[in-house]
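User: I'd like to learn how to read a helix, a core and a sheet in a model. Could you walk me through them?

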Amino acid sequence: MQNSTFGMGRLALFLLLGLASCEKILPLAPEENALLDGPVEGLNEAENLRFLRGDAAFNTEVFTPATGLGPLFVASSCGSCHAGDGKGHPFSTLTRFGQSDSSGNPFLYPGGPQLQHRAIPGFVPEQLPPGAPFAKLTPPANTGLGFLEAVPDAELFAWADPGDANNDGISGRPNWISLPAYLSARPGAMALNGRFIGRFGKKAAVYDLLQQTANAYNQDIGIASLFEPFDTYSGQEIDPEVATATVREVVFYLQTLKAPQPRRTDDPDVAAGRQLFTQIQCTGCHRPELRTSASPIAALANRTIYPYSDLLLHDMGPGLDDGYTEGSALSAEWRTPPLWGLGLSKNAQGGQYYLLHDGRARSIEEAILLHGGEAAESGGQYRKLSAIEKQQLIVFLESL
Amino acid sequence: MIKSIFLTVLLAGFWGASGRAQTRIPADSSGLALNMDAAYNRPFLQIGKIPVALGGYAEMKAAFNQTDGISEGFSFQMQRLTLFVSSSIHPKIKFLAEIEFEEGAKAINLEFASIDTRFHPLFNLRGGIIMNPIGAFNQNHDGPKWEFNDRPIAAAQMLPATWSNVGMGLFGKHVCQNWVLAYEAYLTNGFDDQIIANAENKTFLPAAKINSDRFGESFNGKPLMTAKIAVRNRKIGEIGLSYMGGVFNKFEEDRLRLDKKRRVHVWAVDFNATLPGLKTVLTGEWAWVQADVPESYSQQFGNRQHGGFLDLVQPICRGRMLGFDKAVLNLALRLEYVDWNAGRFRETGGNIGDEVFAFAPAISFRPSAAQTVFRFNYRYIRQRDLLGNPPARTAGFQMGMASYF
C-alpha cells in the first residue's frame, strides 16, 4: 500500500515537473492588435525609460487625501478613468457646465467648468448650479494621441469647410481657442485673432497633451501643479501637489502610446464595410488618413496614420446638442472622434459599449443612428442599407 | 531600540545554548489545541533550567511568474524570519513575544508581545501586543504550518494578517472529553482612515498597518473590538466564528467635529477538519468586510468585501523517505477568491468588478513531521478590474521551504 502511494506521489511529482516545462500553462500575451496600451515602435532606450516612468505615474500612482486628492475630485488616479488606456465608463464620466456659446463661461466662479461630484470624507461634493447648461463627457481612449498631436495645423485647416463650399452638407471648422499662459504655440501653428486650433477634448477645446494632462490632474483629481496651481475647492493658488517632471513624463507617455492596430484586415466583410463607409460619406468627417509632420519624438514624425477623424468641429444636430460648449464651438458642434480602436472599446468599458460624447449609445449602430446635423445624410443612407450591409459596416468599424 | 535589545537577548540565548543542555519542547499533539493556541503551540527550545524558551522560523521561496505574457523573470524571496521567546514568569503568568523580519529587514514588526495571566481555565487575562482573533489564519500563520509558498489572498490582504494591535482582553476554554469550547474577547487600538484612502485604490484593511503609531496611541480614541468563539472536537475538527469592528476614521480632533463616526465591521468563519479514512485535511476561512464609505466618496472604494480560501491537503506517503524516518509527502490544492468591491455601480446598475480568483496545486514534503516543509506549487490568478474588463491572468511556479528552528 505504501509503495503504491509512494508511486502515486512520484507520478504526481513528474506530472507537476512536466507541467512546469510546458509554456502553455503560463498565460500568453494577447495579440498585439488586441491591446490598446503599449509604446509606439521606434523609441530609443532613453525614450523607453521615460515611457515607463510615465506609465507608472499614469496607471499606478493613486492620490489620497494625504497626497493631495481633492478635496473635491472625480477620480483618484489617471488610470481610474482610462482602464487599459481605453475609453471610459459611466462611472468615470465627468460633467462640464456653464458655457452655452462662444461668449465665455459665466459659471466659472461657482466652480465651473467641471463638476467635481466626489469629495474626500468631511467635504461636500460640488453641486450643479441651478440653470447651468451642462454636458456629460465620457473619457476618451488615450491611444495614438501623440500622432494626433503631430498632425500639422495646416492639414486640419485644409479639411475645414465652414461655409460648405463644396456643397456636400459637411462643414467642419476648427475650434479657435486661447492658450493658457504656460503654453506656447507649436512651430507652424495657425492663428486667428490670437487664438489657435484646438484638437483634443470632445469640443476640441484643448491645444495639446500638456494642457490636457495639467487640466486632468487639476479638474479630475484635484491636484495642483506648476501649470494649474489653483485648488479646485478654495480657488486659491497652492503649492504644486505633483512634480513638474511627473506631469511631463505623463505627457510623454500619452504622446508615445501606440496607435490602435486594425484587426481582421483580410476579412471580406471588413473590406466590404470599408467601401460602404466611404460610399455613405462617413469619411466626410471620419477622415481615414492623416499625416504627421516633424516631431521631437522621431518615432512620431512624418508618419501616415489612420485615425478616422479630421479633428474638426461638426454640427451634430439637436439630438446631440446638450446646450453646453467650450471655446468657440457651438453647443451642437462636436469634434469628430477618432474611430481607431473602436472595436476594442468594450474591453475597457466593462464589456459594454458606451459611445458618443456621454456614453449614451450602447452599440455602434445606436451611435450611428444618433448622428444628426451634418451627419444626418450619412445616417439616412445607413438606414437604407440592407441588414447584411449594415453588419459589414459594423464589422469594419469593429476591426479598427 | 526595543527590537535591538530583543534581538540581542535572543541571539545571546541561542549562542549560550550551544554550551548547555537543550530541551526541544514539541508542539501540542493532544488534538485539542485550537487556532487560538497557535502562538504558544510551536516548537520551542528550552535551555537548561532557564525559564525562557526560544524559537522561530524562516521561510523563503523562488518564483517565476508571468502575467499575460510578461514576466519579471526568476526571483528569490526571503519571505520572513520570525523569532519568538516565551517565559513562564509564574506557574500562572507567562509571556511570549514574536518579532518578524520580512524580506530581509524591509519590514520589522513586533507581532506579538503579551503577558497572559491565568485565573481560571475560563478566565485568563491577556495584555500587550496581541494578534486580533479574526478568522484563523491571523493567529495561526506560521509558514512551516502551510503547504503553499504564499499566504492566502483573503487572509493576508482582505483581512490584514498579520494584524496585531496593542490592547487587552480575556480568553478561556472549557474541555469536556473530546470537546473544547473556547472564547476570546479583546479591546485594542484599531484601524484608521487609510483603509479607504490608500495607494491600492480600493478599500484595503492592511493599509492601516502602515501606521506604526497604533502601538502607541489610538488613531481616534475608539477601541477596536475583536471577539471569537471556537469549538473543537478531537476527532472531527474545529470551527470558529469571529467578529472585529469599530470606528476607523478621525471624526473629532480638539473637540472639533471632522466627520461622522465611520465603522468597519468584519465577520469571519473558519474551520479545519481531517476526513477519517483518507486523512485529508481541510482548512478554510471566509470573511465579510463592511466599511462605512461616504456616499460622496468614490465607489472605487467599496463598502462591502468578501472572500476566503479552502486548502485541501492529502498525505500520500508517510514513512522513511530520502533518509528521513518520519517523512510525509502531501498533495495539496488551494482555492481562493476575493471580491474587493461587492455591489453595483450607481451610474449603470452594473456589477462592480474588482475581484480575484486563484488556485494552486502543490506538492509538499515534510522530512520531520511539522517542523520543516519543502513545497512546490503552481499558482494561477485571474484578476478583474473595477469595471469587469477581461481579466489579467498571472501564473507561475514557486518552490520554497520553511522551517521552525
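Analyst: Happy to. Let's begin with burial: buried means under 20% relative accessible area, exposed over 50%, and partly exposed in between (1.4 Å probe, protein chains only). This is a predicted model, where local features need pLDDT of at least 70 and side-chain atom pairs count only at pLDDT 80 or more, while totals for chains, interfaces and linings use all residues. Residues are numbered from 1 along each chain as its sequence is written, chains are lettered from A and ligands numbered from 1 in the order in which they are written, and side-chain values use heavy atoms, with hydrogens and water left out.

User: Which residues of α2(A) are buried, and which exposed ones sit on the face turned away from them?

Analyst: In general, an α-helix has 3.6 residues a turn, so residues three or four places apart point the same way. Helices here are DSSP runs (H or I, at least four residues), strands likewise (E, at least two), numbered from the N terminus. In α2(A), the buried residues are Glu47(A), Phe51(A), Gly54(A), Ala57(A) and Phe58(A). Seen down the axis of α2(A), they fall within an arc of 130 degrees (taken from the directions from the helix axis to the C-beta atoms), so they line one face of the helix. The face turned away carries the exposed residues Glu45(A), Leu49(A) and Leu52(A).

User: What does Glu47(A) touch?

Analyst: Contact means heavy atoms within 4.5 Å. Leaving out residues up to four places away in sequence, Glu47(A) touches Gly42(A), Phe252(A), Ile297(A) and Ala298(A). Its relative accessible area is 13%. Elements covering the buried residues of α2(A) include α5 (209-221) and α6 (244-255) of chain A.

User: How many residues does the largest nonpolar core have?

Analyst: In soluble globular proteins, nonpolar side chains tend to be buried together. A nonpolar core is a set of buried Ala, Val, Leu, Ile, Met, Phe, Trp, Tyr and Cys residues joined through side-chain atoms within 4.5 Å. The largest has 80 residues, and Tyr217(A) and Tyr297(B) are among those with the most contacts inside it. The most is given to this core by α6(A), with six residues.

User: What is the strand order in the open sheet of three strands?

Analyst: Strands of a sheet pair through backbone hydrogen bonds, either parallel or antiparallel. Two strands count as paired if DSSP finds at least two bridges between them. In chain A the order is β3-β2-β5, with antiparallel pairing. Strand β2 (residues 94-97) and β5(A) pair over four bridges, and Leu94(A) has Leu137(A) as its bridge partner.
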